[in-house]
Amino acid sequence: MAWIGQLSKNLKEIRVLFCQTSPASSSTRAFIEKNYKELKKANPKLPILIRECSGTEPQLWARYDMGVERGIRLEGMTEPQISKALEELSKGGASLKS
């Protein structure tokens, strides 16, 4: 997953929203528990915001240059699909720069 080291070059911020208890957010919670340290270690200056709120649908948001934001709903996704979604959001940031 070499793309992880490129996140801070393409993104200004990552926000992950999910419910602490709902089954719909279970994959998102597991993804954060397993990958947060690696993401932060590879991108120490990139803000990675974790927002837990009861009843919130799982979502992944990326903020790019000039305040442009894109989001993806994560409900029903597996951990590998969430990883792929983050990779796609990162590539979207690279295309905004060109």
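Analyst: Two strands count as paired if DSSP finds at least two bridges between them. This is a predicted model. Strand S3 covers residues 59–63 and strand S4 covers residues 69–73. The two pair in the antiparallel sense, over five bridges. Two of the facing pairs can be named. Arg 63 has Glu 69 in S4 as its bridge partner. Ala 62 stands opposite Arg 70 in S4.

Now the turn. Five residues lie between the strands of the S3 and S4 hairpin. Met 66 sits in that loop. Its phi is positive, near 65°, in a residue other than glycine. Met 66 is also exposed, because its relative accessible area is 82% and the cut-off for exposed is over 50%.

Next, the sheet around the hairpin. Four strands form an open sheet in the order S2-S1-S3-S4, and the pairing is mixed. S2 and S4 are the edge strands, each pairing on one side only. From one strand to the next, the twist averages 15°. Strands of a sheet pair through backbone hydrogen bonds, either parallel or antiparallel.

Two other loops deserve a look. One runs between strand S1 (13–18) and helix H2 (26–42), and Gln 20 is in it. Gln 20 counts as partly exposed, because its relative accessibility is 37%. Setting aside residues up to four places away in sequence, Gln 20 touches Arg 29, Glu 52, Cys 53 and Ser 54. Compare Ile 48, which is 28 residues from Gln 20 along the chain. The C-alpha atoms of Gln 20 and Ile 48 are separated by 17 Å.

The other loop lies between H2 and strand S2 (48–52), and Asn 43 is found there. Is Asn 43 buried or exposed? Asn 43 is buried, because its relative accessible area is 0% and the cut-off for buried is under 20%. Leaving out neighbours within four places in sequence, Asn 43 is in contact with Ile 4, Gly 5, Gln 6, Leu 7 and Ser 8. Its side chain reaches the backbone nitrogen of Ser 8 at 3.0 Å.

Technical notes: Residues are numbered from 1 along each chain as its sequence is written. This is a predicted model: local features need pLDDT of at least 70, side-chain atom pairs count only at pLDDT 80 or more; totals for chains, interfaces and linings use all residues. Side-chain values use heavy atoms; hydrogens and water are left out. Buried means under 20% relative accessible area, exposed over 50%, partly exposed in between (1.4 Å probe, protein chains only). Contact means heavy atoms within 4.5 Å. A polar contact is a pair of N or O atoms within 3.5 Å; within protein, one must be able to donate a hydrogen and the other to accept it, and residues adjacent in sequence count only if both atoms are side-chain atoms. Axes are lines fitted to C-alpha atoms, for helices over the stretch in contact, and angles run from 0 to 180 degrees between N-to-C directions.
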